[in-house]
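Q: I would like to get to know the model below. Could you please take a close look at one part for me, the interior, and then relate it to the rest?

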Amino acid sequence: VQLQASGGGLVQAGGSLRLSCAASITFFSGSHGSWYRQAPGKQRELVASIRSNGSTNYADSVKGRFTISRDNNQKTVYLQMNSLKPEDTAVYYCYVELWGRNFWGQGTLVTVSS
């Protein structure tokens with residue numbers, strides 16, 4: 001199983017980015033997907049998650065600004081990030097859980113300049 005994350009980059013405060021996580025996984029529709037982030041000197045934290053039934057959960061710090069979604073046909077989890085703030089700067093990691101097995105993608109760096 002491979003998770004390929006993309007979409008990071010440099011953006012000014014107030015801007016937007018969309019992260020994608022493409023999964024090479026057979027029963028993707030049954031999986032739960034998440035995005036985590038880790039800022040320099042800080043612990044990795046959960047940003048948003050989406051279950052197989054489509055229900056979502058967000059960290060308080062991103063509610064109303066970020067949206068997680070999934071496309072089961074494309075086997076991809078997305079994270080739309082709007083109204084970005086400098087404190088959103090971090091390496092973002094995608095994570096997929098399927099039948100008790102956990103998979104991490106490589107990180108993608110998001111840098112928000114003030």
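A: Happy to! Accessible areas here come from the Shrake-Rupley method with a 1.4 Å probe, and for residues only the protein chains shown count as cover. On that basis, the accessible surface of the protein is about 6100 Å², with 45% of it belonging to carbon and sulfur atoms. Please keep in mind that this is a predicted model.

The protein has 11 strands and zero helices, so its pattern along the sequence reads β-β-β-β-β-β-β-β-β-β-β. Its C-alpha trace spans about 40 × 25 × 20 Å along the principal axes. For 114 residues, a compact globule would have a radius of gyration near 13 Å, and the protein agrees with that, at 13 Å. Buried residues account for 43% of the 114. If we take contacts between residues at least 6 apart in sequence, 53% of them join residues at least 24 apart.

Setting aside neighbours within four places in sequence, L79 is in contact with L17, R18, L19, W35, V47, A48, F66, T67, I68 and Y92.

Five of its seven residues are buried, so strand 3 is largely enclosed by the rest of the structure. On one hand, strand 3 runs antiparallel to strand 1, and four bridges join the two; within this pairing, A5 has C21 as its bridge partner in strand 3. On the other hand, strand 3 runs antiparallel to strand 8, with six bridges between them; here R18 has Q80 in strand 8 as its bridge partner.

Q2 lies in the segment before strand 1 and is exposed, with a relative accessible area of 61%. Although Q2 and A23 are 21 residues apart along the chain, their C-alpha atoms are separated by 5.8 Å. Leaving out neighbours within four places in sequence, Q2 is in contact with A22, A23 and S24.

Most residues other than glycine have a negative phi. S83 is not a glycine, yet has a positive phi of about 50°. S83 sits in the loop between strand 8 and strand 9, and at 40% relative accessibility it counts as partly exposed. W99, also not a glycine, has a positive phi of about 55°. This tryptophan is in the loop between strand 9 and strand 10 (101-104), and W99 counts as exposed because its relative accessibility is 65%, where the cut-off for exposed is over 50%.

Note on methods:
Residues numbered from 1 in each chain as written. Predicted model: local features only at pLDDT ≥ 70, side-chain atom pairs only at ≥ 80, totals over all residues. Heavy atoms only, no water. Contact = heavy atoms within 4.5 Å. Buried < 20%, exposed > 50% of the residue type's maximum accessible area, 1.4 Å probe, protein only. Pairing = 2+ DSSP bridges. Rg over C-alpha atoms; globule rule 2.2 N^0.38 Å.
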